[in-house]
Amino acid sequence: MDEYSSGVGVLDKAALVLAALETGPASLANLVQTTGLARPTAHRLARALEHHRFVARDLHGRFILGPRLAELASAAGEDRLLAASGPILARLRDITGESAQLYRRQGESRVCVATAERPTGLRDTIPVGSLMSMDAGSAAQILLAWEDSDKIRRSLAHSSFSAVTLAAVRKRGWAQSVGEREQGIASVSAAVRSPSDKVIAAVSVSGPIGRLSRQPGRIHAPAVIAAGERLSEVLRRTAE
């Protein structure tokens with residue numbers, strides 16, 4: 001038996017489909033090429049996995065990893081980041097007076113995986129599960145800044161920010177945007193790192209430019225960086 005085979009063919013093929021989506025969105029043609037499966041087989045498995053929410057579709061109809069995977073990981077207690085994010089985001093919200101969010105990259109997009117809303121007044125938070133582009137916003141800058149140079153170059157072709165912006169992000173450890181993703185909204189973001197020091201998420205605060213100003217990093221960068229460092233430390237401790 002092949003070392004990569006469990007002996008249950010349909011499960012092995014489904015695992016191939018999921019593994020192919022780990023690197024980002026894929027069309028059916030991409031799945032066929034990556035997995036080596038026949039086109040009808042790849043299509044049938046992808047649709048079946050979509051039915052059970054292990055696979056979903058992006059705005060272009062491409063296959064992506066679905067929400068059921070995150071739900072199972074959370075239920076099993078394996079998603080330490082999400083488990084730790086609640087009180088840390090709430091503290092960040094209370095310190096800054098602004099809505100706080102946690103983003104992860106999902107292929108060529110980013111998804112909001114946790115939030116802490118302002119308790120009163122206008123709510124500027126992003127709903128959990130919201131899928132956004134990697135082309136604009138301070139969280140996108142953080143999630144892209146430490147990628148390899150080829151990936152950065154490809155992404156910058158359609159971005160609202162530049163290589164100079166990302167270089168500044170890497171140097172100071174935080175990012176800001178003012179009306180970059182949405183008119184009238186500003187945000188500040190910092191990195192969350194895995195125990196191996198890889199950037200795996202971005203923690204942010206966002207709100208109206210009238211409150212955050214046109215230099216929101218000057219006001220909120222220290223608190224946002226501290227929140228990112230606390231989340232990173234939780235991941236390091238639980239990995240030991």
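Predicted model: local features only at pLDDT ≥ 70, side-chain atom pairs only at ≥ 80, totals over all residues.
Residues are numbered from 1 along each chain as its sequence is written, and side-chain values use heavy atoms, with hydrogens and water left out.

**The nonpolar cores**

- The largest nonpolar core has 25 residues, and Leu 92, Leu 102, Val 192 and Val 203 touch the most other members. Such a core is a set of buried Ala, Val, Leu, Ile, Met, Phe, Trp, Tyr and Cys residues joined through side-chain atoms within 4.5 Å.
- Helix H5 (80–96), strand S3 (99–106), strand S4 (109–116), strand S7 (185–193), S8 and helix H10 (216–239) each supply at least two residues of this core. Helices (H or I, at least four residues) and strands (E, at least two) are DSSP runs, numbered from the N terminus.
- H10 gives the most to this core, with seven residues.
- Apart from it lies another core of 20 residues, including Tyr 103, Leu 144, Leu 156 and Ala 175.

**A look at Val 199**

- You can find Val 199 in strand S8, which covers residues 199–208.
- Is Val 199 buried or exposed? Val 199 counts as buried because its relative accessibility is 14%; buried means under 20% relative accessible area, exposed over 50%, and partly exposed in between (1.4 Å probe, protein chains only).
- Not counting residues up to four places away in sequence, Val 199 touches Ile 142, Trp 146, Ala 191, Val 192 and Arg 193.
- From C-alpha to C-alpha, Val 199 and Glu 147 are 8.6 Å apart in space, yet 52 residues apart in sequence.

**The two domains**

- The protein is divided into domain 1 (7–73) and domain 2 (78–236), with bounds that come from an automatic or database domain assignment.
- Their C-alpha centres lie 28 Å apart.
- Five residues of domain 1 are in contact with five residues of domain 2.
- Across their interface the rule finds zero salt bridges, a salt bridge being a side-chain nitrogen of Lys or Arg within 4 Å of a carboxyl oxygen of Asp or Glu.

Conventions:
Contact = heavy atoms within 4.5 Å.
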